[in-house]
Structures are given as structure tokens and as C-alpha cells.
Amino acid sequence: MSPADRDHSDAVAGYLGTGVDPGLPAPELVRLDLTRSVLSRAATWANPPPELVDALLDRIAIGRGAGRRSPVRSIALGTLAAAVLVVVGLLAADRLGRPDPERQVALAGTELAPDASATATLRDTPSGVSIRLQIVGLVPAPLGFYYQGWVTGPAGSVPIGTFHLREGDDEPVDLWSGVDLSDYPTLTVTLEPEDGNPASSGQRVLTSQP
């Protein structure tokens, strides 16, 4: 491989790994951006197909053009294939090292609602924690009452939203927490009267275990 071919392969591999433009031609950057898009997908690193490298090379400028490959070109392609595999491995390690941004918590009915249960899907976002409740067996709140969600911990309880279930459908209930759930690990739902009092009534109908 000539020094120019080696420098080009290094530039391509560097762009695939970092996204920093090393001064490659604009048409080649467009093709490489498509490759980076493939590499960034969860399906690519979670279960990469055997033909991944060949498919990626078809998108890269060094592999374009018709005709028989020269020995120099074959060496360059081999080097770039190895670089692509390294990039895939680094992306996979980075993603696998991160905590799962979505998790589920089970809630059971209390004596006030023994037939009720729910599954809370928690999703971390930059603004807080999205909490989606899929509720089963909880009757609609009576007129003059509503349900309120809470997260509770050693420091006390924080409200996360209200709902009533009076439409009689199975749609999930979306709530929101602005506090870290590691500090408030217990999820509860209470039945509240419409009396203007923001304090909890203490009438829990659903609760999780911390």
C-alpha cells in the first residue's frame, strides 16, 4: 500500500470513528455519512450480519468503481474493513456500557383496590423520568375524586401527575418525575378528593416495592 493509500484509509477510518472531517471530498463524506448511519443503529452492533463489512465497503469511496481490483486496492480494502470492524466494536462497547435507559416496575393493588395492578415503564430523558403506567383492574375514579401518582423515598413523597380513568379504555397513563428515582424508589397511586389540598390523602390503591 502506498503512503497515499494508507493516509486515505486512515482518514476514512478516523471519520467513521469520530465524525471529524479530515478534509475528504464532499461526495465521499456523503457516502461515509451513510456508513456512519448504519454503524450507529442498534441492530448493527446488537446482531451484525456476516455480510456487514462487504455492505459497508460498497458505500465507501475507496471501494467504488468498476473493474478488477488491483493488489494495492485489495490491501486498502482489507485495511479499511479492519477499521470498520474496530469502529463497530467501539460503538458496541460504548452502547453496552451505558445503563439501559428504559426499565419496568410492577405495581400491585392494595386493600382499597385488590384486583388492580400496573406496570410502570420508566424512561430516563434529559428533562427527567417519563413514567408510563399500563393499569389493569382499577375502577374509574368517582366524580369528585381523581388518582394521583407519587414517588416516595427517605426524603418524602413527590407528586408525578394525576388522572381519573373515566373513559373506560385501556390507554396507558403518562406521568412525569423531575426527581431521581434512585432517591425516590417507591411508586404509588392514591385516590384523592377534589378539595384543593395538595397533600396526599394516604388512600393508596397501587404501590411498588423499592
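# Questions on a predicted model

Visitor: pLDDT stays under 50 over residues 90-99; how many contacts beyond four places in sequence does the model have there?
Guide: pLDDT is the predictor's confidence in each residue, from 0 to 100. Where it is low, predicted coordinates should not be read in detail. A contact means heavy atoms within 4.5 Å. For residues 90-99, the number of contacts beyond four places in sequence is 7.

Visitor: What pLDDT does the chain average?
Guide: The model is predicted: local features need pLDDT of at least 70, side-chain atom pairs count only at pLDDT 80 or more, and totals for chains, interfaces and linings use all residues. Residues are numbered from 1 along each chain as its sequence is written, and side-chain values use heavy atoms, without hydrogens or water. In the chain, 65% of the residues score at least 70, and the average pLDDT is 77.

Visitor: Which pattern does the chain follow along the sequence?
Guide: Helices (H or I, at least four residues) and strands (E, at least two) are DSSP runs, numbered from the N terminus. The chain has 5 helices and 8 strands. Read along the sequence, the pattern is α-α-α-α-α-β-β-β-β-β-β-β-β.

Visitor: Is Ser130 buried or exposed?
Guide: Ser130 lies in strand 3. Its contacts beyond four places in sequence include Thr121, Leu175 and Trp176. Buried means under 20% relative accessible area, exposed over 50%, partly exposed in between (1.4 Å probe, protein chains only). At 15% relative accessibility, Ser130 counts as buried.

Visitor: Why is strand 4 described as largely enclosed by the rest of the structure?
Guide: The burial of its residues decides this. Strand 4 is largely enclosed because, of its 9 residues, the number buried is 8.

Visitor: In strand 7, which residue does Val151 stand opposite?
Guide: Two strands pair if DSSP finds at least two bridges between them. Strand 4 and strand 7 run antiparallel, joined by 8 bridges. In strand 7, the residue opposite Val151 is Leu187.

Visitor: In strand 5, which residue is the bridge partner of Trp150?
Guide: A hairpin through 2 residues joins strand 4 to strand 5. The two run antiparallel, with 7 bridges between them. The strand 5 partner of Trp150 is Pro159.

Visitor: How many residues apart are Tyr147 and Phe163?
Guide: Both Tyr147 and Phe163 are buried. Tyr147 is in strand 4 (residues 145-153), Phe163 in strand 5 (residues 156-163). The number of residues apart is 16.

Visitor: What value is the phi of Leu165 near?
Guide: Leu165 sits in the loop between strand 5 and strand 6. Most residues other than glycine have a negative phi. Leu165 has a positive phi, near 65 degrees.
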